[in-house]
Amino acid sequence: MSTDSTPVTVIAMIRAQSGKEAELRELLGSLIGQTRKEVGCINYDLHEVADDPTRFVFHENWQSREDLDRHLASSHVTAVLSRAGALVAEPPKMILCRKLA
C-alpha cells in the first residue's frame, strides 16, 4: 500500500440481489455519517443508478491512498462488508482514479 499523498477518487459499484435493495441501501447508508468524519475524507456520497434500483455507486474522494486504506480497514467498514455479503448479487467493484484536470 502506497503512502503517496496524492488525492484519490474511488468509484465503488455494488449490486443488490433482487428483493434485497432496500436492506442493502440502508446498510450502505449507515456508513455515510461516520465515514464523512474520517481523517482524509473529502467527500463520500452514495448513489442509486437511476434506471436500475439494484445498483449502488459510491463516489469518494480521499486526500491520500493512506487515508483510503485506513477507511477500508476501519471497524465500521469491515462490519458492513461482512453483513453485505448476503445481500449482494456479485462481488463489489472498486475503481481507483487520479484526477487529471
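Predicted model: local features only at pLDDT ≥ 70, side-chain atom pairs only at ≥ 80, totals over all residues.
Is C41 buried or exposed? At 14% relative accessibility, C41 counts as buried.

C41 stands opposite W62, a residue of strand β3. The two strands concerned, β2 (residues 41-48) and β3, pair in the antiparallel sense over 7 bridges. They form a hairpin, with 6 residues between them. On β3 there is also pairing with strand β1: β1 (residues 8-15) and β3 (residues 55-62) are antiparallel over 8 bridges. Within that pairing, A12 has F58 as its bridge partner. β1 in turn pairs with β4, again in the antiparallel sense, over 5 bridges. I11 stands opposite I95 of β4.

Taken together, 4 strands form an open sheet in the order β2-β3-β1-β4, with antiparallel pairing. β2 and β4 (93-97) stand at the edges and have a single partner strand each, so one side of each is left without a neighbour in the sheet. From one strand to the next, the twist averages 15 degrees.

Helices pack on this sheet. Helix α1 (residues 21-29) touches β1, β2 and β3, and its direction makes about 10 degrees with that of β3. Helix α3 (residues 65-72) runs at about 135 degrees to β3 and lies across β1, β2, β3 and β4. Four of its residues, D67, L68, D69 and H71, are buried. The buried residues of α3 pack against the strands β1, β2, β3 and β4, and also against the helices α2 (32-36) and α4 (75-84).

For L31, leaving aside its neighbours within four places in sequence, the residues in contact are Y44, F58, H76, V77 and V80.

T9 gives a view of the sheet from β1. This residue lies in strand β1 and is buried, with a relative accessible area of 15%. Its side chain makes a polar contact with the side chain of N61, at 2.4 Å. Not counting residues up to four places away in sequence, T9 touches H59, E60, N61, I95, L96 and C97.

The contact between T9 and C97 brings the account back to the cysteines. How many disulfides are there? The count comes to 0. A disulfide is a covalent bond between the sulfur atoms of two cysteines. Here the sulfur of C41 is 16 Å from the closest cysteine sulfur, in C97, which is too far for a bond, given that the cut-off is 2.5 Å. C97 is likewise in no disulfide, its nearest cysteine sulfur being that of C41. The burial of the two can be set side by side: C41 is buried at 14% relative accessibility, whereas C97 is partly exposed, with a relative accessible area of 29%.

Notes. Residues numbered from 1 in each chain as written. Heavy atoms only, no water. Pairing = 2+ DSSP bridges. Axes fitted to C-alpha atoms, helices over the stretch in contact; angles between N-to-C directions. Contact = heavy atoms within 4.5 Å. Buried < 20%, exposed > 50% of the residue type's maximum accessible area, 1.4 Å probe, protein only. Polar contact = N/O pair within 3.5 Å; in protein donor to acceptor, adjacent residues only side chain to side chain.
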